[in-house]
Amino acid sequence: MKHRGYYGPFGGAFLPEILVATFEELNAQFRQAKEDKHFWEEYETLMATYSCRPTPLTYAENLTRHFGGAKIYIKREDLNHTGAHKANNVMGQGLLVKRMGKKRVIAETGAGQHGVATATMAAKFGFDCTIYMGEVDVLRQRPNVFWMEQLGATVVPVTDGTRILKDAINEAFRDWVTNMDTTHYVLGTACGPHPFPEMVSWFQSIIGKEARVQIMKAEGRLPSKVFACVGGGSNAMGLFQGFMDDPVELVGVEAGGKGIASGRHASRLCSEDASFGIAQGYKTYFLQNSDGQMKETHSISAGLDYVGVSPILANMRDQGKARFEYATDTEVVDALKLTMRMEGIIPALESCHAFAGAFKEVANMSTDDIIIINQSGRGDKDIFTVADAIGDPKWKEFICSKAGEYRND
Amino acid sequence: MTETKNQAPAPAFLETYIREQRKKKDILLMTHIVMGYPSFEASFEIVRQMVDAGVDLMELQIPFSEPMADGPVILKANQAALDSGATVEKCFEFAQKVSDCFDIPFLFMTYGNILYKYGMDAFAARMSEIGVKGAIVPDFPPEEANDYLSAMNKHDMSAVFIFSPETSDQRMKMIDTHATGFIYCLARKGVTGKDTQFSSDMGSYLARCRKSTRLPTAVGFGVKEKADIDFLVGKADIAVVGSQTIREVEQKGVDATGPFIRSLIE
């Protein structure tokens, strides 16, 4: 029997029967698009004219001087339209939806970036759009909920389970099994049943392709290491694919939350707490108990707060092709503060994991070394979370007076 | 899988039982519970009343934290059962108790990860040991069911597979070669517990299902009253009532189970 979408022992398509035909159609469309040179050209043109591609590769001169080790470059996915790498995947899938002739898109979102990107794509292409978002995330990412709704999407807060990203994915699947005739599910990361891990990684590979060209142009040589944060794993897959056949160390940084020992984290690949499992349609490392029930995860960043991880990255870990580390909530906020002050750049809390991971290693590297950090998104959306973490009194004062104004309306 | 690819496994206990029962009844009734919801004591009393009222076979769902194919009613029951401490071990113990006490076949319904974590072979062996007759695992399509099928066949457990209105004739035939016991035909798209139109469209779909399998057929998703079951007579062998019993119990209490089941079959 033929297996589909396996990366070593990981991946597969553990689909309820009702979705099998839908996946066959999606797979066929994706194969066709992948083999069609014009499709990628159309995609690149769209990303150049609607988003900001190619995104810059910024030399972080001040951070480099500060650490006194390797030269630090930052790949600026925050400068994509909607402020994150999510747009790469979403616009690509949008082109596929047009090919399939479907009129409605649904998506899950954690940090809200994927939701905003999907709502944007739906507005541009004229699709109806419903976004599923865990209730906890709705509360911590209110600005993105606001924008999704303004863009015309319906945002459905998910009140089941742990009320975060994985629960939003389940709910999106429940919608899809009812409405697959009209609807495409724009899965936001390199997880889920085949062909999603491959398809999302393919669209995100634009990050690594550009970064490799850019670093060769700037420095004439390859970086020693590249760093990306890992939630589901799509931005890491995107960057890593540019350097897969090169002598470049690929480093993924997971959410260490309150620390690995606390158990309150979302580290699947660098902690001992995860084990092989099958859920949400694919096989990978999951944070689960001995019965196979998924555990509650924790991260300061909604986008990394997920129980599973890309089957492609899981396999790369087991094969020693990528290394995985973690950064705690505290380290992440410190990395954010430093990057803002030194470079005038505001990375998303998700991306700050990659910065924090890199900062732990960069000082011990030679000044001849180069590293690239993937800034997967911008931090504006995190204003409430960051203000709380920093404890800025002026911000609190502002919120209180704003609340007062609304109360008097 | 090569050994079973072109040759259907021998009829297991379940298929024989269904055919025997069908000689006595126009249509059989299969019900469903989530073990441990609202408690294991209540679950036992629900099973007792169901058997007493004349149910022919039952699905015992082992709760899972990510029940992707289930609608709101069963989803919440899964969560509540887990929150009040249901474990896989307690479910095995419960299943053993009901299969010791009641003389109808019991099946497990759960998601693949529960079997995967327990160990596929150990799980099937344990089912056999406690007297459960088969399983329905909605996220194991035949393409991903190699290890599962080997384990189930080895221990003479029925592996029930699913047909949906989206399943092609060709695929139905492929699924049939792997299935044992019966085929579970989804009445419609969507998740459990939503309304279903029992119409002539469904008649032709169910005829297509029957033609594509050598096994008895069961129809579930949205079956909730006697009229639905009457509609299915002559079109399927088993009617499956799932979410509606949970709703009845939630609204009227455990003792509503018996009268509800009787209202379906009398």
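In strand β14 of chain A, Ile372(A) is the bridge partner of Tyr73(A); strands here are DSSP runs (E, at least two residues), numbered from the N terminus, and helices are DSSP runs of H or I with at least four residues. This picture comes from a predicted model, in which local features need pLDDT of at least 70, side-chain atom pairs count only at pLDDT 80 or more, and totals for chains, interfaces and linings use all residues. Residues are numbered from 1 along each chain as its sequence is written, while chains are lettered from A and ligands numbered from 1 in the order in which they are written.

Two strands pair if DSSP finds at least two bridges between them. Strand β4 (residues 71–76) of chain A runs parallel to β14(A), joined to it by six bridges. Strand β9 (residues 225–229) of chain A is also parallel to β14(A), with three bridges, and here Phe227(A) stands opposite Ile373(A).

How well covered is β14(A)? Six of the six residues in this strand (370–375) are buried, that is, 20 or more other C-beta atoms lie within 10 Å of their own, with C-beta atoms placed from the backbone. In a regular strand the side chains alternate between the two faces of the sheet. One side of β14(A) carries Ile370(A), Ile372(A) and Asn374(A), the other Ile371(A), Ile373(A) and Gln375(A).

Ile371(A) touches, among others, Ile72(A), Val226(A) and Val362(A), a contact being a pair of C-beta atoms, placed from the backbone, within 7 Å.

Note on methods: A residue is buried if 20 or more other C-beta atoms lie within 10 Å of its own, exposed if 12 or fewer, and partly exposed in between; C-beta atoms are placed from the backbone. Two residues are in contact if their C-beta atoms, placed from the backbone, lie within 7 Å. Lists of a residue's contacts leave out its neighbours within four places in sequence.
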